[in-house]
Amino acid sequence: MILFTADKDTSAPFLIMEKMQKKEFLHLPLEQYRYRVSEEESKQIQNHMDEFAFIIHGNLRNARYFTEWMTQNSMQEQVRRCVNIVLDKPTAEFLDKYDIPAIQPREPAKPIDILEFMLRISKEGNTLYPTTENKTEEMPGPLKELQMPVAEFSVCEEVTLEEDVLKDYKSEVGKNPINIVLLHNRSSYIRVKTAFPDLDLSAKTVVAGSLGAAETMEKEGLKPDYLAKGSWASIAKVLDEI
């Protein structure tokens, strides 16, 4: 059994992969989020919606809370007039429930695929990028480097996991035969150690999902048994070979 602690929304593209559906996961998300929008920022976005040609939904979590904002402020028609772009199938399917057609340039798509698509269709206008407060995301950077106007719009924030949820998680870890621990990113190592102090990682097969995760482990004298290249596809490949 594989202990996996990523947020359900951002890990959705990983969990629907055919190879991963054959694996047995103990999925205990240690990240929890809630809708949060600055009233001032919301008004600014509403006042300038007609200037946006593109909306890039970087993951399912951002799309979920953006549509909540959209619904609360009756912005459905303005959003539908934009070219809505996604990186993965779960996000596209979620937007479809709101009758928002979404374009996925490639399966799976990377930021470079989105940039190439935007440049190819030669549509003029600004880009709106819904994001999570205090989370650095890959996509806005390349847009700014190419001097393409982009507005990042924070639609949610991370919140502390409730004590009752954490208690249930600890119980699940204690009674399940975990033999693999997947540390998908740098922060997941700290989260796992904090949430499950009695979990002996040295006695488990540990998969570091990125170099950052491996470096964080190594600072505390631990080395991962396997190292992926930072993408969900690379993590799936490593797990499939174990």
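The largest nonpolar core has 25 residues, and Met49, Phe66, Trp69, Leu128 and Phe153 have the most contacts inside it. A nonpolar core is a set of buried Ala, Val, Leu, Ile, Met, Phe, Trp, Tyr and Cys residues joined through side-chain atoms within 4.5 Å; buried means under 20% relative accessible area, with a 1.4 Å probe and protein chains only. Two or more residues of this core come from each of E4, helix H4 (60-72), H6 and strand E8 (150-159). H4 gives the largest share, six residues. Helices (H or I, at least four residues) and strands (E, at least two) are DSSP runs, numbered from the N terminus.

This is a predicted model, in which local features need pLDDT of at least 70 and side-chain atom pairs count only at pLDDT 80 or more, while totals for chains, interfaces and linings use all residues. Residues are numbered from 1 along each chain as its sequence is written, and side-chain values use heavy atoms, without hydrogens and water.

Beyond its neighbours within four places in sequence, Met49 is in contact (heavy atoms within 4.5 Å) with residues including Ile55, Trp69 and Leu128. A second, separate core of 20 residues includes Leu3 and Phe196.

In strand E5 (residues 83-86), Val83 and Ile85 point one way, Asn84 and Val86 the other, and all are buried. Strands pair if DSSP finds at least two bridges between them.

| Strand paired with E5 | Sense | Bridges |
|---|---|---|
| E4 (residues 52-57) | parallel | four bridges |
| E6 (residues 102-103) | parallel | two bridges |

Phe54 has Val83 in E5 as its bridge partner, and Ile85 stands opposite Ile103 in E6.

Methods
Buried means under 20% relative accessible area, exposed over 50%, partly exposed in between (1.4 Å probe, protein chains only).
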